Structure formats: structure tokens, C-alpha cells
Amino acid sequence: RRVEQRWKKEFRGILTKQFYIFDYEKRRIVNVGIGNGIEGIGLFDNCIDFTGIDIAPESVKIAQSRLPKARLIVNPAEKMEDIPDASADVYVSLRTFQSSFFDLHEAVREAYRVLSPGGIFLASIANAYMDGNSLIRGLMPHNAKHVDLDRAHDLINQIRHQLTKLRFDEVGVHTGKAEEYVFGRKRFG
């Protein structure tokens, strides 16, 4: 995983065009699934209040060396016990919700808990992968032998449904070149 210019542009575009957030670097950001921190370079390394979460202690150690100003925590997405209630302005998870390592519904509920009123939820699911120089559409589920063309869309719909169930506002989907994004704003009050 790495952050490409396309990814940065799509991420920033959703924040600016959908939510009119032009200064995300000044917001309290929680990134779930930071992994080894590569995705944070150039995207989150200038953030004033950035917390990265991952379940793998070894990855968090590597991420800390790449993002020395970040607060990095080992917690599962479904139970971020080290993150206080309503303490984040932006919850972001890039290409993590497609993982088979956590419960999608519980992870969205936990995102709701940590977001402040008016906070933004933004997650992406890969809908393509590179095979040599070719872009292959679809997602390869864990232990599958074939690409599933509908898997990313199905996961996005599950997340969108959960956001709606939790009464997020401005719930929407954006399809990028190699991934789909789902987003919403936690209601005020």
C-alpha cells in the first residue's frame, strides 16, 4: 500500500467538494488501518493532530518511524479503547474495510463513537488492482481464486447502510479510478 497522487487527489476532493473542508491538516484525524505508515506520507504527515490505529504492533512501530509526529496506537477497529468519545473531526480508513480481520458493522459503530458531532467518516474499498502494468477491475476476497467484480460495491453498500442506520447525514459514494469511497457526516446534537 502506498499513497499515489490519484489517491491524495480523490481523498482531498471528497473533503473539499462534499464537506467544504479545505484545512483537514488542522483537524483531529483518526486513521484506522495505518499499517506501516506508507499511506500517511504526504497525506497525513503535516497534520497537527493525527492518530493512526492498527492491530499489528510491528506495523505500528514502522509507521512511527515514518510519521514521527503522529500518535500511533495498537487497537482493533471495532474497539478503539484508547480513543475517547467524540474526539475526532475526521475518521478515515483507506483500503481497510475490505479486510477479513474485523467486523464491518462494529467498526462503523466505533467510528460513530469517536467522531465529534459534525465529524466526517470517509472510507475506501479497492475496486481494482495492478497485475504488472494492467489494471484489473474487481476485488479478490480472502482465500478466493477469482476476482469478484461486485465485492467492493457490496462492501460500500453495507457501510453506507450502516451509516444511514446510525443517522449520519450527507451519506454518499464516490467511485475513483481504483477504489470506491463512502462518506457521511455525524449529525450535530
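Predicted model: local features only at pLDDT ≥ 70, side-chain atom pairs only at ≥ 80, totals over all residues.
User: Which residues have the most contacts inside the largest nonpolar core, and how many residues does this core have?

Analyst: A nonpolar core is a set of buried Ala, Val, Leu, Ile, Met, Phe, Trp, Tyr and Cys residues joined through side-chain atoms within 4.5 Å. Buried means under 20% relative accessible area, exposed over 50%, and partly exposed in between, with a 1.4 Å probe and protein chains only. Here the largest such core has 28 residues, and Met-80, Tyr-91, Phe-97, Phe-121 and Ile-159 have the most contacts inside it. At least two residues of this core come from each of strand E1 (28–32), strand E4 (88–94), helix H3 (104–114), strand E5 (115–126) and helix H4 (151–165). A second, separate core has 25 residues, including Ile-14, Ile-21, Leu-43 and Tyr-181.

User: How many helices and strands does the protein chain have?

Analyst: Helices (H or I, at least four residues) and strands (E, at least two) are DSSP runs, numbered from the N terminus. The protein chain has 4 helices and 9 strands, and from the N terminus on they run α-β-β-α-β-β-α-β-β-β-α-β-β. Of its 189 residues, 48% count as buried.

User: Which residues does Tyr-91 touch?

Analyst: A contact means heavy atoms within 4.5 Å. Leaving aside residues up to four places away in sequence, Tyr-91 touches Val-30, Val-32, Met-80, Phe-97, Ala-107, Ala-111, Val-114, Leu-115, Ile-120, Phe-121 and Leu-122. For the protein chain, 61% of the contacts with a separation of 6 or more are between residues 24 or more positions apart.

User: How many salt bridges does a search of the whole structure find?

Analyst: Side chains of opposite charge can pair when their charged atoms come close. A salt bridge is a side-chain nitrogen of Lys or Arg within 4 Å of a carboxyl oxygen of Asp or Glu. The search finds 8 of them. One of these joins Asp-89 and Arg-28 at 2.8 Å, N to O. It links distant parts of the chain, with Asp-89 in strand E4 and Arg-28 in strand E1, 61 residues apart. Asp-89 is buried at 19% relative accessible area, whereas Arg-28 is partly exposed at 30%.

User: Where does the salt bridge partner of Arg-95 lie?

Analyst: Arg-95 meets Glu-179 in a salt bridge of 3.3 Å, N to O. Arg-95 is in the loop between E4 and H3, and Glu-179 is in strand E9 (residues 179–185), 84 residues apart. Arg-95 is partly exposed at 23%, while Glu-179 is buried at 0%. Elsewhere, a network of salt bridges links Asp-85, Glu-110 and Arg-113.

User: At what angle do H3 and H4 pack?

Analyst: Axes are lines fitted to C-alpha atoms, for helices over the stretch in contact, and angles run from 0 to 180 degrees between N-to-C directions. H3 and H4 pack at about 45°, with their axes 10 Å apart. Angles under 35 degrees count as roughly parallel, over 145 as roughly antiparallel, 65 to 115 as roughly perpendicular and the rest as oblique; H3 and H4 are therefore oblique to each other. Leu-104, His-105, Val-108 and Arg-109 in H3 meet Leu-155, Gln-158, Ile-159, Gln-162 and Leu-163 in H4.

Notes:
Residues numbered from 1 in each chain as written. Heavy atoms only, no water.
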